[in-house]
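User: I am new to this structure and would like to go through it step by step. Could you take my questions in turn?

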Amino acid sequence: GRNPVEVLLAENVKAPPIGAKVTVAGFPVRASRRLIFRESLLRIDALPATSTIPEISDIDGEKLFSSPNGPSKVNPKFNGDIIRINGIVIAGYTVEIDSMLLKCGKRTIRVNMDFPGGYGKDITPGSTVEVTGMCLHDFDEHPLDTIIPRFRGIVILPRSANDIRILAAPS
């Protein structure tokens, strides 16, 4: 299967264009079954052949958790995909906090707001938002007390503030 690698860029490193082939050097950290490179530098080896954005799947929260393995299991098909999802902010974003929580149907999804440039303004709980970004399955990073890592939830990684739209203010 596909196992995405999470790359956290060093502070002054600009993200490459979507579809670029890159070589990454960073401090590797194993987070359960996921590999993360922290404080990473990168070299662009090849620019994308076209400037088209990869296909984006419009998803609802329940679809992320509908799996052939059972109704309450996470669907592995979306791990590493670019998705677009709408939800209601239940834990607001402030410039001091690097994430927000969305209620998408009956599911709660975390949006990592720690991207270059930041969002720049607060997002109030109760706002309806649309978020586009990479969907990652988040597992317990310290599975010393268990053989199988525990699933903690789904995290959406937007590329920039342009991937977050406020559709409606709280009512």
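User: Which residues form a nonpolar patch on the surface, with about 250 Å² of accessible area together?

Analyst: This is a predicted model, in which local features need pLDDT of at least 70 and side-chain atom pairs count only at pLDDT 80 or more, while totals for chains, interfaces and linings use all residues. Residues are numbered from 1 along each chain as its sequence is written, and side-chain values use heavy atoms, with hydrogens and water left out. A patch of this kind joins nonpolar side chains (Val, Leu, Ile, Met, Phe, Trp, Tyr) within 5 Å, from residues with over 30% relative accessible area and no salt bridge, a salt bridge being a side-chain nitrogen of Lys or Arg within 4 Å of a carboxyl oxygen of Asp or Glu. With areas from the Shrake-Rupley method and a 1.4 Å probe, the patch is formed by Val-22, Ile-44 and Leu-47.

User: Is Ser-40 buried or exposed?

Analyst: Ser-40 belongs to strand 3, residues 34-46, where a strand is a DSSP run (E) of at least two residues, numbered from the N terminus. Buried means under 20% relative accessible area, exposed over 50%, and partly exposed in between (1.4 Å probe, protein chains only). Because its relative accessible area is 0%, Ser-40 is buried.

User: In strand 5, which residue is the bridge partner of Ile-59?

Analyst: Strand 4 (residues 57-59) and strand 5 (residues 82-91) pair in the parallel sense over three bridges, and two strands pair if DSSP finds at least two bridges between them. Within strand 5, the partner of Ile-59 is Ile-85.

Definitions and conventions: Helix = DSSP H or I, 4+ residues; strand = E, 2+ residues; numbered from the N terminus. Patch = residues over 30% accessible without salt bridge, like charges linked within 9 Å, V, L, I, M, F, W, Y side chains within 5 Å.
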